[in-house]
Amino acid sequence: MKILLAACNAKYIHSNPAVYDLRAFASEYKEHILLGEYTINQTKDEILKEIYRSGAEVVCFSCYIWNISFVRELIFDLKKILPGTAFWVGGPEVSFDAENFLKEMPQVTGVMVGEGEETFLELARYYIEKKGTLADIRGIAFRENGEIFHNGWREVMDLSRVPFAYEQTEDFANRIIYYESSRGCPFSCSYCLSSIDKKLRFRNLELVKKELQFFLDKKVPQVKFVDRTFNCKHDHAMEIWKYILEHDNGVTNFHFEISADLLREEELELMSRMRPGLIQLEIGVQSTNPDTIRAIHRNMDLKKLEASVARVKSFGNIHQHLDLIAGLPCEDYESFRRSFEQVYRMKPDQLQLGFLKVLKGSSMYHEAQKYEILYKEKEPYEVLSTAWLSYEDILKLKMVESMVEVYYNSGQFRKTLSWIEMFYQEMFSFYESLGAYYEEKGYEEISHSRLRRYEILLEFLKEKTQLPVNTASQHMVYDLYLREKLKKRPVFAMDQKPYEASVRNYRKANKIPKTAHIEVFGDGSAVLFDYEVRDLLTNNARAEQIFLERNPVNDIETEA
């Protein structure tokens, strides 16, 4: 008997902690359990072939909003070539609608609902030892003799009972590893499935430290904690952050989703001493509208959040990613504009502008009619309109999101944007106008090179604003060379021929390697871009202003 745990991830670099946990918890049957990780970017034929040749008699798929349609299509075809195979599914996308899913998918034997470790162990025992019945297994919905049964949800378990999931894993070099030190969430945000599970549980800290050391010893590039609010328990968070600081291997980065308004002075002081890039923080603001915050049952002290974000930013060693959600109750277009401005002024390293997803099982799912929320019929169930936002508003916000992603979140236009900010009272209007320009020119549907993005921005500034384009182009050249030594100079870059001799003399006198670049700007200033030394947070080259001696020959040529 072979049982295959199948994960269809969004990208190759992602891993699926669920299937690893299930395999680890059912380790007494490890010789019977196979693990297959695929991606939704693979061809279905390739995956069909692998699953067919695995010889598995039971196949269990892990289901999420990003893969459910893909998994459905796989199961349709797999059942044709493997008619005797039992297909099971689990995960948040099927747990809250299990009976309907079984009605829609007659190819599927059953659904594991909710937390799966103990349920999968009993299911494996049922198939491998041929003992008991499906009716005896808590936490499943299943079909038998043409009827559908639901055995109810299983009680949540002690998280410390789950064995370490990654001991058998070797390929860490190019993967993001997901890890949980807690399950559940103390908060009640209506758009989030984590708010349903009020039984917040923490993994034993000694186990956590031992497992973190495993990642550190393996020099895993990134460990992403999936704890919903990592710092909701101060002592737990402090112990883990202390351990990471004291055992830093100089390579591994740790990602945490936190509530910034819960940070205490002790935690902030500890963060100030961390290596640049050791940790990164994701902070869900979602909205700054008090009515919206109340409507989604969220607790947040905005002043404390702003103060904490500013403190962390002052350290210069931690990447901060702040989130906003468009389409929440009580937030119209102007209200969202204000939310955007408040978060933008916090200067996060990334500002994620997302759109409400009405997830099955969430409070928002049940309140959608109350708030006149219309959303897409299929996953990811994204908002189309609300009582406060029209679909036209959503379309405009989509373009703002796109412009923020390209020009702000890429980190490739920092000097240019800092200069533009001097001319705008609010930057939302800038991204809004730039998005409208992309639509007007038909640029939004085209995949553009990095250099072309600069050229389009320059076109926009020239056609739609009164900003001095020559100055803008100089800032863009600076931004371009911060990232790399260009093989081809942009057409808007200033001619460097008058300075070639001075640059050559400076290079020779100071033994500047060929890998570095020196650029002279319109105001006569010269900057050395050293690509051997980069900022650990932004990956930008070290930029140093230098003094070039004037070259008489070039001066004469220029005057002539």
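Q: How do strands E3 and E4 pair, and over how many bridges?
A: In this predicted model, strand E3 (residues 58-62) and strand E4 (residues 86-90) are joined by five bridges in the parallel sense. Two strands count as paired if DSSP finds at least two bridges between them. Strands (E, at least two residues) and helices (H or I, at least four) are DSSP runs, numbered from the N terminus.

Q: Which residue in E4 stands opposite Phe61?
A: Val89 in E4 stands opposite Phe61.

Q: What is the order of strands in the open sheet?
A: Seven strands form it, in the order E2-E1-E3-E4-E5-E6-E7, with mixed pairing.

Q: Why is one side of E2 and of E7 left without a neighbour in the sheet?
A: Strand E2 (33-39) and strand E7 (147-150) stand at the edges and each has a single partner strand, so one side of each lacks a neighbour in the sheet.

Q: Which strands does helix H2 touch?
A: Helix H2 (residues 44-54) packs on the sheet and touches strand E1 (3-9), E2 and E3. Its direction makes about 175 degrees with that of E2. Contact means heavy atoms within 4.5 Å. Axes are lines fitted to C-alpha atoms, for helices over the stretch in contact, and angles run from 0 to 180 degrees between N-to-C directions.

Q: Changing topic: is E14 mostly covered or uncovered?
A: Strand E14 (residues 319-326) is mostly covered, as eight of its eight residues are buried. Buried means under 20% relative accessible area (1.4 Å probe, protein chains only). Both faces are covered, with His319 and Ile325 among the buried residues on one side and Gln320 and Ala326 among those on the other.

Q: Which strands pair with it, then?
A: E14 pairs in the parallel sense with strand E13 (residues 279-286) over six bridges. Six bridges also join E14 to strand E15 (residues 350-355), again in parallel. Ala326 has Phe355 in E15 as its bridge partner.

Q: And what about the largest nonpolar core?
A: The largest nonpolar core has 143 residues, and those with the most contacts inside it are Trp88, Trp241, Phe256, Ile279 and Tyr431. A nonpolar core is a set of buried Ala, Val, Leu, Ile, Met, Phe, Trp, Tyr and Cys residues joined through side-chain atoms within 4.5 Å. Helix H14 (residues 391-409) gives the largest share of this core, nine residues. Another core, of 29 residues, lies apart from it and includes Val89.

Q: What rules apply to the numbering and the values?
A: Residues are numbered from 1 along each chain as its sequence is written, and side-chain values use heavy atoms, leaving out hydrogens and water. Local features need pLDDT of at least 70 and side-chain atom pairs count only at pLDDT 80 or more, while totals for chains, interfaces and linings use all residues.

Terms used. Buried < 20%, exposed > 50% of the residue type's maximum accessible area, 1.4 Å probe, protein only.
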